[in-house]
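Please look over this structure with me.

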Amino acid sequence: MSTPPSNAPLVLITGASSGIGQALAWRYYQAGYRLALVARRSAVMQAWAQDQGMDASRYAIYGADVANQDQIIAACEQCLQQQGLPDVVVANAGVSYGIDTAEREDLEVMAQTYATNVIGMAATFHAFVRPMQARGSGKLVGIASVAGIRGLPGHGAYCASKAAVISYCESLRVELQRSGVQVVTICPGFVATPLTSHNRYGMPFLMQPEAFAGKAFAVIAKARSYAVIPWQMGWVARLLRCLPNALYDRALANRPRKHRHRERVQEAQDQDPGQH
């Protein structure tokens, strides 16, 4: 890579310890970027970076839970101090659980989903908006989902949070349109990650994280305002959006529901009785 590390562009990625975030980190590293990697599991990220043989001068790891506003803002400010102002910020961290609104405990699950997927994204962007405006350049990338385009049974928390992400990023894009700061919204379809590994339903056009990362990298490089990856899921989403409610309700009535948070915890404990 011909660009000296000290002058290489910088990308910050949240949720970088697995799945889409990790694949994006590797894609940007291969393209010559310096990396600011943010996730709760900082030790996992460090082990992965070392296993990949990454040059330690080209990345920094920040441990933070994006659902905790103070933690993620502090991590972003630390990045500004240690590595400088990123050229690209990818707010990727997210959680996904099924909910049953009739269950009181699931209201807390919904609140946590919003805290991570929506408020955590805004908190990630917060530290960089004014510095990017002052510089006159920068890209803020929100990872949404095709699940935000239409509601799925048992999936209300995740669908609603990703619909909020889509609208939030659109609002921010319009706000910043004359500043030189670009906002990119990416809606993944099904990607083989820990978030989808427990799904109890078919996942058409399932992508591997590396394939998704390559396409997302191209979308961000072109500063496209909105993209669905893969493109086939974009057409599926458009079709579902156009269906009358009566047909949509009938089509989705018997769709298996996503595991609730309690079911996921119980499943993990059944697989490993020593886990708490």
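This is a predicted model: local features need pLDDT of at least 70, side-chain atom pairs count only at pLDDT 80 or more; totals for chains, interfaces and linings use all residues.

1. Residues are numbered from 1 along each chain as its sequence is written, and side-chain values use heavy atoms, without hydrogens and water.

2. Start with helix α2, residues 42-51. Helices (H or I, at least four residues) and strands (E, at least two) are DSSP runs, numbered from the N terminus. M45, W48 and A49 of α2 are buried (under 20% relative accessible area; exposed is over 50%, partly exposed in between; 1.4 Å probe, protein chains only). Seen down the axis, the buried residues fall within an arc of 100 degrees, so they line one face of α2. The arc uses directions from the helix axis to the C-beta atoms.

3. What do the buried residues of α2 pack against? They pack against α1 (19-30), β2 (34-39) and β3 (59-63), where contact means heavy atoms within 4.5 Å. On the other side of α2, A43, Q50 and D51 are exposed.

4. Now T14, in strand β1 (residues 10-14). T14 is buried, at 1% relative accessible area. Leaving out residues up to four places away in sequence, T14 touches V38, V66, I72, V90, A91, N92, A93 and T124.

5. Last, α1 meets helix α6 (residues 209-221). Residues in this contact include A23 and L24 of α1 and F212 and F217 of α6.

Definitions and conventions: Axes are lines fitted to C-alpha atoms, for helices over the stretch in contact, and angles run from 0 to 180 degrees between N-to-C directions.
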